[in-house]
Amino acid sequence: MHIYSGPSVMVLVGGLVWIGPCAAAQREHAEFEAVLEPPASLAGGRASPGADAGAAMAAETIKLHFTLPRDMGNRVAWRLELRNPAGLTVRRWRGAATTRLAPDVAANASAGASGVASASVTCCAPQRPGRMAAPLTSGVYQLRLRAEAGTGRAHDVILQTWDVPVGTPPALALPQFRPLATLRRAAATPEPGAVPRAPLAEATDGLPYTVYYGNLHSQSSHSDGGGALNDCHGAQEPQSAPFGPEDAFDYARRHGLDFLMTSEHNHMYDGSEGTNAAADPAQAKALYHGGLSAAAAYTAAHPDFLALYGMEWGVISNGGHLNILNSGELLGWERNTGGALLADTATAKGDYGALYTLMRGRGWIGQFNHPKAGQFRAAGKPLGYTEDGDAAMALCEVMNSNAFSINTTETEGRRSNYEETCKRMLEAGYHLAFASNQDNHCANWGMSYTNRTAVLIPDSAALSSASFLDAIRARRVFATMDKQAQIVFTANGHLMGERFSNSGPLTLEVRHANAAGKQVAALAIMEGVPGRAGSAAALPGAAASTTITPAPGEHFYYARITQDDGTLLWSAPVWVTQQ
């Protein structure tokens, strides 16, 4: 093992990324963020065939991006490791980045304004002849970023992990699997960047489901989204942007998505990120219910597409964002000067336990959005488990592309991975499937990257709100960074998302298909114990078919595939009670 540090690190200090045209929009999205942007692959430090012995060897750039609220200071300390397939650290970098506000806004920026910084490292060429690190063997490695900032109660730590192919990893041999059916549709009105859907595939392997691909996290002009691409630099001032839910649904459908949810911030229906003391409750409620009606009307007019409208509840500071997929009521805590509630139903700000109880009682379904370790406090602790929360919350956003991207060619490089936090919630006892969304605030709904949330609906059922929500409740879902890929995970014949009792051996099977011919470079089957923190770990020697005999008690298992271009797929878990 050779450890790199110091000389190979270059820290580039950037200016402010404007997070909204007004300070109010800034504050809602002012949180510490760290994004690891790896290349599609690393060459491993081997010279090109025929090169001179002393020639420089190929190296790639690994980028790091940091956003830090000004009230947390301006320094981010970071450490990056590259681990080989055996889990050994073979490269290490560390550094500190200083965030700065752009001069044109620094004088007027609020305490919640955020500055940014970037850093980059090169990997994995030796620094010069005579001081050569051993080249890396081919395989799928893991990049692990640890970034921390702030002090005292404001101290925060972020962990990001990404798989990255090194060299040319051998493809794993998985049994042939003809993909499940997908909705056959080409873009009705081709536009630059619009990609037609692959042809309809026949359902096989005895699984009578059709896969629908879409995005369950985006905003429009009903809150702080819908910004025009030629003038969108972040979150918009609430209700100021030109494009609303109907525009979002139409854009997504024409660009090949099967469903889109516009998830509007529940506390912006008064036209303010804070509280508009002069707001009219009737107008706030009418805007929300108008969005529900617009989604229903668009779905009725376009049976091949499901338009979903709902809310993103909560705030970032001392809270956390979650989507409620099917609420017919606007929830809120803000009141005008007359004391009138600016919502249909009162909910206490930051009281997730009470929210879960309300959601369970109403039959509402939720998704944890871009979760972090200190968020979603319930039962007296962050990420706290409650039975009501377990009944209401069905999805955990495992991966998100940049919320303020204006990319329309599905090539956005800034992406965040939340698998570590989602694992902690599974360990806490939640029954969650993984979702992969885009959190679009600009008018590129579903097109910043190729990632999708995929939902399995029975072939016998049409795409509808009812069939879709039934599939979410059953956790028949997988998350993918590649819209042309599928993953199916079963345990003794039980489909991902199921809960069942078992005695004796347990056979875990993984199937993969890719319409573009991409292969599987690495496979991990994760096992964990609900109620036991830190228990989730990869099963050793996992293969397409793996048979184990679990210890008596409760277990969860899920599969994660790394394709040969570094893109990932996550199955929903299965939950097993071993007798």
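Author: About 30 Å³ is the volume of the largest cavity. The model is predicted: local features need pLDDT of at least 70 and side-chain atom pairs count only at pLDDT 80 or more, while totals for chains, interfaces and linings use all residues. Residues are numbered from 1 along each chain as its sequence is written, and side-chain values use heavy atoms, with hydrogens and water left out.

Reader: What makes a set of points a cavity and not a pocket?

Author: On a 1 Å grid over the protein atoms alone, a cavity is a set of points where a 1.4 Å probe fits but cannot get out, whereas a pocket is an open set with protein on both sides within 12 Å along at least five of seven lines. Grid points are joined across faces, edges and corners, and the volume is the space filled by probe spheres set on the points. The search of the whole structure gives one cavity of 30 Å³ or more.

Reader: Which residues line the largest cavity?

Author: Asn266, His267, Gly332, Trp333, Glu334 and Leu342. A residue is called lining because it has an atom within 4 Å of a point. By class, this lining holds two nonpolar, three polar and one charged residues. Ala, Val, Leu, Ile, Met, Phe, Trp, Tyr, Cys and Pro count as nonpolar, Asp, Glu, Lys and Arg as charged, and the others, Gly among them, as polar.

Reader: How much space lies in the largest pocket?

Author: The largest pocket holds about 1100 Å³. It is lined by 35 residues, and Arg153, Ile316, Ser317, Asn318 and Gly319 are the closest to its centre. The classes in this lining are 13 nonpolar, eleven polar and eleven charged.

Reader: What lies nearest the centre of the second largest pocket?

Author: Of its 31 lining residues, those are Pro85, Gln142, Ala524, Ala538 and Arg560. This second largest pocket has about 810 Å³ of space, and its lining divides into 17 nonpolar, seven polar and seven charged residues.

Reader: Why are two strands said to pair?

Author: They pair if DSSP finds at least two bridges between them. Strands (E, at least two residues) are DSSP runs, numbered from the N terminus. Strand β25 (residues 506-514) has four antiparallel bridges with β28, so the two meet the definition of a pair. In β28, Ile548 is the bridge partner of Leu506.

Reader: What is the order of the open sheet of four strands?

Author: The order is β23-β22-β25-β28, with antiparallel pairing. Strands β23 (494-495) and β28 (545-548) are the edges, as each pairs on one side only.
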